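Work through the exercises below with the sequence and the structure at hand. Each task is followed by a worked solution.

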Amino acid sequence: MVRMRITEIKPLHIRHEIPPGDVVSDPPPAAAKVSEADESGKSIFKFATADGTAAEAILHHSPLALEVSVGGQILQRLNARNMLNFERYRTPKERLPPDTASVAAPDTVLLDAAAHPNGLDTNGLWEEPFGGHTDQKPRGPASLGMDVSFLGDVPSLFGLPEHATKASLPFYQEPYRFFNLDVFEYEIDEPMALYGAIPIIWAIHRLGGGQTVSSGFLWINPSETFVKLERDTPDGKGGPAHAWWTSESGVLDTVVMVGPTPKTVSAQFHDLTGHGPMPGLWALGKHQCRWNYMSEKDVATVDSMYDKYDIPYDTIWLDIEHTDGKAYFSWNAAAFPNPKQMIDNISAKRRKFVNVVDPHIKKDEKFHVYREVRDKGFFVKKVSYKQIDDPTDVKPADWVEETKIPDPTATQPPEWNTEEDGPWVAPQIDNPAYKGAWHPRKVNDPTPDLTDFEGWCWPGTSLYPDFTDPAMREYWGSQFALDKYTGTNADTYIWNDMNEPSVFNGPEVTMPRDAIHPNGMVEHRDVHNMYGYYVHRATFEGLQKRTPGDRPFVLTRSFFIGSHKYSAIWTGDNYAQWSHLKASIAMVGALTLGGQSLVGADVGGFFKHPDTEMTVRWYQLAVLIYPFLRNHAHLETPRREPYVFDEKTMLRIKASLQMRYKMLPLWYTLFHRWASAAEPVVRPLFWDFLDDPQTHENEEALESQIMLGDSLLVHGIAKPSSEQSEATVYLPKASGWYSIHNGAFKAPGAHVHKLDLDSIPAYYRAGTVVPLKSRIRRSSACMSLDPFTLNVYLNPQTGAAKGRLYIDDYRTRTYQDVGLLCARKIDFTCSARLGTRTHHAKASFEETLKSSH
Amino acid sequence: MRFVVFCILLGIDEFQAWPLGAHFGDLSKHTQAFEASSLGLPFQCLDGSVTLLSSDVNDNFCDCPDGSDEPSTAACAGLSNLGFYCRNLGSAPKWLYASRVNDGVCDCCDGSDEPPSGCPSSCDKEGPAVLARLKARQQEVRQGQLLRRQYEDEGLQQVVHWTEEKERLAADVADLMTVQVGDAQSSPDRAFVGCSSTSTAPFYTNGHDKEQRKDVSEYTRWALPVSETGPHRSSQSVECWVGEFINAESFCCDASQGPQGRQECWDEVYTFQSCCKTWQRQVLPTFERQSWSTSESVSPERRFEPKSSKSVSREMRQTKGRLFSLESKLRAVERSHRWFYLADTCLTRQTHRRHTELSIPGASSERVDFKLCLFGDVRFGSVNYGSFDGWDGEHGLRYSRGQHCPGGPARSLKICLLCGAETELLDIAEVSLCAYEAAVKTPGACELSNLEELADDLEKVIDRPLMPLDSS
């Protein structure tokens, strides 16, 4: 990969740079062996990718441009259209003393509105009103931008999470926006900003000679960022594709992942940003959440109802209502008088528990976290802007301040009798040289008063810790210690919601950009898109310390590049609508391409209530393609736990969940591939079938279908049966496919699939061995010592099949720390001629792993 | 095959080591099949789908699609048809899903669902308590049963009585109306106005309406059932005055109208409102809107009732109230006569406000009276949580149209009736925003099957196994 960074030499204010290790691994991946040559006007860097592919980066000096090619084919050209722009910090002219003549010389190359000679619109550069708020912008404009062109015939671009858009990114008129926000009831098929930002683009390049490769482009900047996708052709199809990026502040930091295969793009991304940890197996099970389970009895009832119907689930969740007045880390004593016992009862069934802990801190003197964070000075600050006398401005020596002077033209009258009249005094007249009262110039107070920023959130008046500060994160993490966070046990894990951050009365429901993070006196605008990242990272690190050796689990709504190292994410407050069910396929696919494999959407939608058919369809899809499988619901909706429905619906949901639990060994093995080999667990079709052009451009297939690992293709059904009785499933070029439901063999190509309510189309790729567990119990932990079942889906041509199986203790870090794991390749070959007979084999396993329960 | 198995079974003197987890309490197919397999005979899955070798039974591999070949193991976990039976000697036996066997969680007090030494035996400890609980419950259900039968008998008479009274009162109302009609003719200008048109055109342009008006006073009209008020003219857009509620309440409220007086009043108002559209055309003509908008200084009585008919009106009012109360009671017994005993029952309990109210600072510890009138309305403090809206299944009651939550839906409640010797409110929970569920114990909910099940359970605890025990 090739990284290009541009910053300002000796800037007036520090340009914010992301600390090493936060996004880009520290130390960064070792530089490839590069041969460097300077020719006239350009520098040429030759290197090879990890898999030995020759690559080249040519840096053109003026105008600056970077061409990256692989195997002699140029894939990306940075600043191809010369849109590079870099606003340097400067002193605002308007606020300079009037007697200062200094005006920065305009740059002829870089477009700089603040100092541009041609009268560009300078409104909003130094102060910008928005929706009743005023962004003070004391440091002035500091934006930066650049374009990148993806060359060759580029049928589709993918990625840019998080947007509720399509898998194959539409070329909207509006740019895609990255500005993490608490969005209420988001729209589908829009480039509007959502909760998190991973500004990565995946491109597919069809080159000459039928060769197809892929590459990635990453824009690393945590300030507000826009990217506009453009085509040369009016019909918006084919040819090169362009992306024009711009960010509000910081430095320009870009990485080209040269690929040339999807697998290598993923590997390069994770080399750069780090590998994700293995989640606990239980995190891949069913999560049951609701805003809100209201009492200990409510929790116990939900738990026992799952057992009553023998429906598997792993984790029960409590949302904000469990707290004492939304002071997190506390319990509402009336409804949860004995939380420890409640959670212990869940633990006793080998299940887990998740509590919500949001980052806004209730302003309440009785709340220890408020007091302690305040006293440590860790809260984000508000600046009380004021003007002061410029101490450098002294009264000029020749300043005339006398308003009156004796009239110089007057003379003592001759009749003046000094003895009688006293000494003659000339009459006073206005002093013509009077310059007015002298006042020193007003300048912005260089050290304005900083007070703790207060906003509104669930608890009412709330304060927001500066999570960019490692000391604050350390403090936050320590709050999860079992002796601090009373009522919890070691099976309690954490959900960080509202961490964009959500500020109900702030501009766009978030923090004002001119708020100050005391850690380095950084403006919020510089770090905004990473706030949520730092919150969930602090929680993750706290849980790590709480239970050493355990695998923490944190769910976050807001995220940034690198969040995959710490947290699961979900696609936020979606809607019980078919369109949201469908959009989740593309959203999950985009997020996994951004490294975030532990991801899912709320099954059934958060807002509103799904009917039984939508609920069933959503489960059928979710169990096969949502790595993070959670059922959640808004406070105002009726209950929707699987057992509340009519029996038929309940049984369909149960069958889906049983299938999920049956497939847990496959999921877990795929997560091992993610953690160790950077392979996304769920991925768009092109990732595995790049040579099949249908996976670049078949819209129905791209938007409805997705792969679980390299073995299972899933087609989501996103319409009620009254509107859709059959689905056209596109099976990519492979040696064949077998229905997951009845084993029927299908050749690659488009197939019309008659629909019924019992299942959605899903096919195993021929030639795969799928590890399963056939004993479905009440939680994944209860199944940990059960035997495996291997389903073998033979390649009909070769009679062979391959697969993998990964086993460890499912819950600790021993797999990492001491290598206690079992990762096996399974090669199945069949020498005899194949028939269609089903063969059941019995085998017994010696468990090599001891459960440490 | 089955026949063979059966015959062999008869020839067995005593049971050999019985497969752990198999239910031996009855001579079921299951029992027979296992016995046969223990003798080395083929085993047929209970759904008849597959026949297995005897060695396939309980070999920790699930062969039968219905999971019936593995009663001792978890091999068929997830197939719910059949399960694992814990004998739990000394306590109550228990059926488990196969998924519970060998899963690291102790489900049986005898520990039989987990590997030996996996779970301490606790049957001796919990047995007496289980027995006592079952006996107490049996006692309670018996009492409930007796009461239920009594209520069934009494209910029959009561309902007959109520029905008769209702008919009588209806006749009275008709009589009173006749009196009032004459009365109203003498003072039509004093009658009551409840509705107004949204259209500016006067209603009474139609001469026919004028004619109608002379026949009866509008007060009387209100007392008439809707169907008797003549043709419905839906073409006229009409709105009801807000003031109508206030005045109509005092119009019908009377202490004589039973325990739910206020609620009846409200229902009455709704009735007025619904009939408003239907017959305003005949009612309104001679009255002005202003008579309502300046109502502060005018007492409701004066507006509703022509003085000359005051005593008749009061009688009418009381009769109507009684009639309404009866109708409400009859609604309670729509499902079964036995529910008559709950017709006037209200249950009260002090409880914490939940959820929505918790958002109000300082309110979390507030305790409020929850008052549930079973076939009337539900109040939590001063807030209406809904009114009876019909049955929901065999033992469920639905209450709807409560006061709206701030920014939320109208409050509603579901009640689940459970068998008990007395009528008592057990628990209230808010299951989603402003939707509540409560459980009520009451004799009427006692079914014969409750007692039978309990007797079975008790028998299992009290009587020791009929079969010899598995020595392992």
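**Exercise 1. Give the strand order of the open sheet of 5 strands in chain A, and find its edges.**

Solution. The model is a predicted one. Step one: the order reads S1-S17-S14-S13-S11 in chain A, and the pairing is antiparallel. Step two: S1 (2-6) and S11 (157-159) of chain A each have a single partner strand, so they stand at the edges and one side of each lacks a neighbour in the sheet. Step three: with direction ignored, neighbouring strands of this sheet are turned by 20 degrees against each other on average.

**Exercise 2. Describe the pairing of S13 and S14 of chain A, and state which strands helix H1 of chain A lies across.**

Solution. Step one: S13 (residues 200-206) and S14 (residues 212-219) of chain A are joined in the antiparallel sense over 7 bridges. Step two: opposite Ile201(A) stands Phe217(A), in S14(A). Step three: H1 (residues 262-273) of chain A lies across S13, S14 and S17 (252-257) of chain A, and runs at about 20 degrees to S14(A).

**Exercise 3. Characterise the contact between chain A and chain B.**

Solution. Step one: chain A contributes 28 residues and chain B 31 residues. Step two: about 2400 Å² is buried between the two chains, 45% of it from carbon and sulfur atoms. Step three: there are 5 salt bridges between chain A and chain B; Lys297(A) and Asp427(B) meet in a salt bridge through their side chains, at 2.8 Å from N to O. Step four: the elements giving two or more residues to the side of chain A that touches chain B are helices H2 (296-308) and H11 (647-662) of chain A, and H2(A) gives the most, with 3 residues.

How values were computed. Residues are numbered from 1 along each chain as its sequence is written. Chains are lettered from A and ligands numbered from 1 in the order in which they are written. This is a predicted model: local features need pLDDT of at least 70, side-chain atom pairs count only at pLDDT 80 or more; totals for chains, interfaces and linings use all residues. Side-chain values use heavy atoms; hydrogens and water are left out. Two strands pair if DSSP finds at least two bridges between them. Helices (H or I, at least four residues) and strands (E, at least two) are DSSP runs, numbered from the N terminus. Axes are lines fitted to C-alpha atoms, for helices over the stretch in contact, and angles run from 0 to 180 degrees between N-to-C directions. Contact means heavy atoms within 4.5 Å. Buried area is the accessible area (1.4 Å probe) that two parts lose on being put together, summed over both. A salt bridge is a side-chain nitrogen of Lys or Arg within 4 Å of a carboxyl oxygen of Asp or Glu.
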